[in-house]
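Hello,

Here is the structure I promised to pass on to you. Please have a look, and then read on for what turned up in it.

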Amino acid sequence: MTEKKAKEKTIFTQYAELQKFSQNEEYERALKAANKILGLDSHEFLAFHSKIVCLIELSRFEEVITQINKNPEYLQNLIFEKAYSFYRLNKLQDALATINKSEDEVDYRVSELKAQIHYRLEEYKEAHSIYQSIIKNTDDEYEEERLTNLYATMVYLDDNEKVDLDELKESPYELCYNKACMLIAMENYTEAEKKLKQCEKLCREKLEEDEDVAEEDVDIELALIRIQLAFVYQKQGRIKEAQSLYSANLKLKLGDVALQAVASNNVVCINKDQNLFDSKKKMKVALNEALVHKLPSLQRKYIALNNAILNYYINQPDQCEKICKTIESTWSNLLTSVNVIRALNLVKADKIVEAIELLKKEAKNETSELYVDLCITQFHLMKGSKVEACRVLENLGKDTYKPGIVGALTTLYLAIGDEAAALKVFEKSVEFYKKQKMKSGDLSTFWRQAADFHIRNGHPQVAANSLEELLASNKDDKKIRAQLVLACSQFDTQKAFKLSSELPTIEELSKGIDIDNIQTLAPVHFKKSPGVRNDSTPSTPRSDSDGKRKRKHKKRKGKLPKNYDSTVQPDPERWLPKHERIGFKKKRDRRNKEVIKGSQGTSHGQSEQYDFSKKVDETPESPGVEPSPKVSHSKQSQHQKKSNQKKKGKRR
């Protein structure tokens with residue numbers, strides 16, 4: 001056998017070994033077999049390709065890129081493998097650049113990888129278009145997975161409202177879940193709740209088909225859906241339901257770090273300035289470094305903002321400022337929120353003037369002008385300057401005439417005592433809405449409040465204008481028409497008569513009402529004046545039928561003790577506790593070391609005789625001080641229980 005044939009035989013044997021190890025997923029041994037082949041012939045592309053695949057399966061992505069770079073002649077055939085390795089190393093731009101270097105037409109594997117790279121780069125439109133073209137041009141068993149990815153891109157598209165959601169598939173549960181996420185993005189939380197519950201049912205049915213799956217594993221799989229449902233509850237204001245769902249799912253052994261972070265962050269939002277110790281622990285989970293490549297920037301930036309707010313609550317201004325600088329450099333669109341947090345830190349340090357100046361610089365930004373001006377107004381109120389707060393609210397342009405701002409201005413002017421200024425606010429608002437020609441139906445609450453205010457302050461003509469605007473959108477409301485009649489009667493009687501003719505008559509109002517029945521059901525009771533008496537004369541005796549007199553309840557006398565003797569003076573110590581009375585004898589306590597015990601054979605009386613701690617100073621009292629009167633105890637025992645005295649026993 002020649003050397004060439006021996007070499008070919010060895011290569012053939014190693015290829016057989018390589019195939020066997022690959023089928024058994026023994027990639028370490030398969031890698032060794034591929035290296036042996038390449039050692040015999042370095043130009044064996046099949047062995048080199050097998051080596052690259054084994055390295056990918058072993059997650060040795062750096063080595064994959066190094067090997068391909070050392071053999072540039074194979075690059076065009078290994079575009080997918082190199083791009084995938086860059087993707088797994090989170091080098092998304094390098095992965096995209098590698099795909100774009102391809103000279104040949106890319107296959108569906110490379111296209112799907114490209115779509116996924118665009119999704120991770122948050123270029124959702126590009127990803128959406130690539131997935132659409134792949135679904136149109138391929139027909140295989142992976143259609144559901146591609147549809148799931150397509151729906152995931154649609155969650156972040158701006159023109160979601162144009163999509164007909166009824167045409168989208170809802171099975172399997174992954175498609176149903178992404179459809180629910182689209183509804184959440186549209187802020188349609190009621191429908192999203194229904195879809196998530198449907199998704200949970202579909203997921204449970206699928207998991208229960210496998211009998212070997214434990215209940216705990218089912219709960220872990222359902223955690224994603226339940227946490228999303230908790231978010232829907234939170235947005236609907238059902239805080240208790242949301243909190244219980246978050247807590248229950250965070251107790252599970254979740255392997256997804258991103259899911260834990262989102263749930264923890266949402267719990268911190270619910271806690272606000274309460275349970276700060278729990279919030280601090282939750283925020284550590286939400287700030288995991290691994291989340292940089294697992295969460296989109298939209299979620300990461302709000303987690304960072306919540307971390308800054310939490311540090312404000314726990315009184316760590318230096319750490320809060322450090323986080324604010326990081327947010328400012330990374331996400332410039334959160335600059336307004338960051339400056340508000342900085343201003344709050346200044347307010348906490350009693351630097352309200354500096355906080356207002358900081359926000360005045362921020363107010364130049366048109367996108368956040370109203371929000372910042374309202375913060376400035378709040379700081380003026382905290383400072384106690386209501387006049388300055390009113391000035392800020394009056395200089396908001398069109399926003400000044402919003403119903404909420406008008407209500408705030410009116411309240412502040414009334415608090416100051418300037419009713420004239422409060423009336424002008426309503427008058428300006430009415431003129432503004434007339435010029436804008438806005439539909440009065442949209443401002444019915446505003447017109448009603450304005451009318452009530454003007455009537456209370458004696459301005460019926462202005463109140464009538466508001467009531468007319470309100471009546472234009474509520475023509476059948478008789479109450480508004482009656483109020484308008486009352487207002488017009490004070491300055492225009494003819495108009496009041498004309499309007500009153502359109503009101504229903506008393507006959508119309510009382511139609512179908514049985515007055516006698518009403519009187520029997522609800523009899524009217526009149527209070528009698530003290531001077532008025534009944535029809536009966538003083539000489540006429542009153543019978544029982546005329547009416548029963550009210551019986552006067554006599555107070556019962558308190559019960560006296562059985563042995564009570566009225567001749568004996570009561571015991572003056574009867575209200576004192578037993579231990580404070582003179583005749584009280586303390587029980588012997590062995591723990592009391594101060595008690596002096598006599599020697600063996602000494603009687604109790606003798607021990608007291610020699611106990612000098614009980615001797616009282618018998619020095620005569622000073623002549624200027626009268627002795628306190630002493631209570632006689634001669635007959636005291638008649639009002640007290642007999643003491644349990646030991647009877648003398650007979651000698652045996």
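Which residues is Ile225 in contact with, leaving aside its neighbours within four places in sequence? They are Tyr173, Tyr177, Leu196, Cys199, Glu200 and Cys203, where contact means heavy atoms within 4.5 Å.

Before going further, please note that this is a predicted model, in which local features need pLDDT of at least 70, side-chain atom pairs count only at pLDDT 80 or more, and totals for chains, interfaces and linings use all residues. Residues are numbered from 1 along each chain as its sequence is written, and side-chain values use heavy atoms, with hydrogens and water left out.

Ile225 also belongs to the largest nonpolar core, which has 45 residues; there, Tyr151, Met154, Leu196, Ile225 and Tyr246 touch the most other members. A nonpolar core is a set of buried Ala, Val, Leu, Ile, Met, Phe, Trp, Tyr and Cys residues joined through side-chain atoms within 4.5 Å, and buried means under 20% relative accessible area (exposed is over 50%, partly exposed in between, with a 1.4 Å probe and protein chains only). Among the elements that give two or more residues to this core are helix H11 (189-208) and helix H12 (215-236); helices are DSSP runs of H or I, at least four residues long, numbered from the N terminus. A second, separate core of 24 residues includes Phe21, Ile37, Cys54 and Ile79.

Finally, Thr377 sits in helix H20 (residues 369-383). Thr377 counts as buried because its relative accessibility is 6%. Beyond its neighbours within four places in sequence, Thr377 is in contact with Ala389, Val392 and Leu393.

Best wishes
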